Amino acid sequence: MKLASILAIGALTAGTFCARPPHAGQTLFNGKDLTGWHADVPAADSDPHAQSAFIVRNGMLVSLGEPRGHLITDSSYRDYRLDVEYRFPGAPGNAGVLVHASTPRALYAMFPRSIEVQMEHGNAGDFWCILEDIRVPDMERRRGPRAEWGTTEGKGRRILNLTDSSEKPLGEWNSMVIEAVGRSIRVWVNGDLVNDGSDATADHGRIALQAEGSEVEFRKIVLTPIKALTTNP
């Protein structure tokens, strides 16, 4: 998709349309095609024949990792629980789920304005701040010196997760639960609470999946409306 078209979509809908799921347990991926999503892959601007970074294979949504970019929901959401099941089928990889996504290509001409919930093997559950911000307990230990904090290029945008052993061995399926209610975001990986943030600078937006150099498979992406954060996923 051309950048001009992407920006036009953002301009038309940002801040004016925010869908609430019509029923509990709305499946965002239908297992057949990418209905309800659109890709933003910068390489496609100059090469209309570039391979797709996102495909459906054997009933799974697959991010091939290259060319790099994002698969973004057409609709915007607030106050929800997102249940994701994913795995890296080959080598240890990198990917992420972006919540409250808005302006396309806001960082490094690639990443939409958002808060990323990291999926990188070994670091699942980290927050990465992408022109949006969020607070967690023990911020200086988990984010580094306060003077280096920020949400733009070169700033301290990473907030470490709470555990080192929540992920399954490579090739096995992981469960990630993300709850976003108001300006709070809470994350579990395989049942372990791995991050718990508040005072986010956004409370709604699209959801995006990354193509960031590694193949990752998704077999479940389900969104359920909620009114409050839960203690256990």
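Is N58 buried or exposed? N58 is exposed, because its relative accessible area is 72% and the cut-off for exposed is over 50%. The model is predicted.

- N58 has a phi near 55°, a positive value in a residue other than glycine.
- N58 sits in the loop that runs between strand 3 (54–57) and strand 4.
- L131 also is not a glycine, yet its phi is positive, at about 60°.
- The loop holding L131 lies between strand 9 (127–130) and helix 3 (139–143).
- L131 counts as partly exposed, because its relative accessibility is 21% and buried requires under 20%.

**Cis peptide bond**

- E66 and P67 are joined by a cis peptide bond.
- Omega for this bond is about -15°.
- P67 belongs to the loop between strand 4 (60–63) and strand 5 (69–73).

- N94 is located in the loop between strand 6 (80–87) and strand 7 (96–101).
- N94 has 16% relative accessibility, so N94 counts as buried; the cut-off is under 20%.
- Side chain to side chain, N94 makes a polar contact with E212 at 3.4 Å.
- Setting aside neighbours within four places in sequence, N94 is in contact with F88, Q118, E120, E212 and S214.

Key:
Residues are numbered from 1 along each chain as its sequence is written. This is a predicted model: local features need pLDDT of at least 70, side-chain atom pairs count only at pLDDT 80 or more; totals for chains, interfaces and linings use all residues. Side-chain values use heavy atoms; hydrogens and water are left out. Helices (H or I, at least four residues) and strands (E, at least two) are DSSP runs, numbered from the N terminus. Buried means under 20% relative accessible area, exposed over 50%, partly exposed in between (1.4 Å probe, protein chains only). A polar contact is a pair of N or O atoms within 3.5 Å; within protein, one must be able to donate a hydrogen and the other to accept it, and residues adjacent in sequence count only if both atoms are side-chain atoms. Contact means heavy atoms within 4.5 Å.
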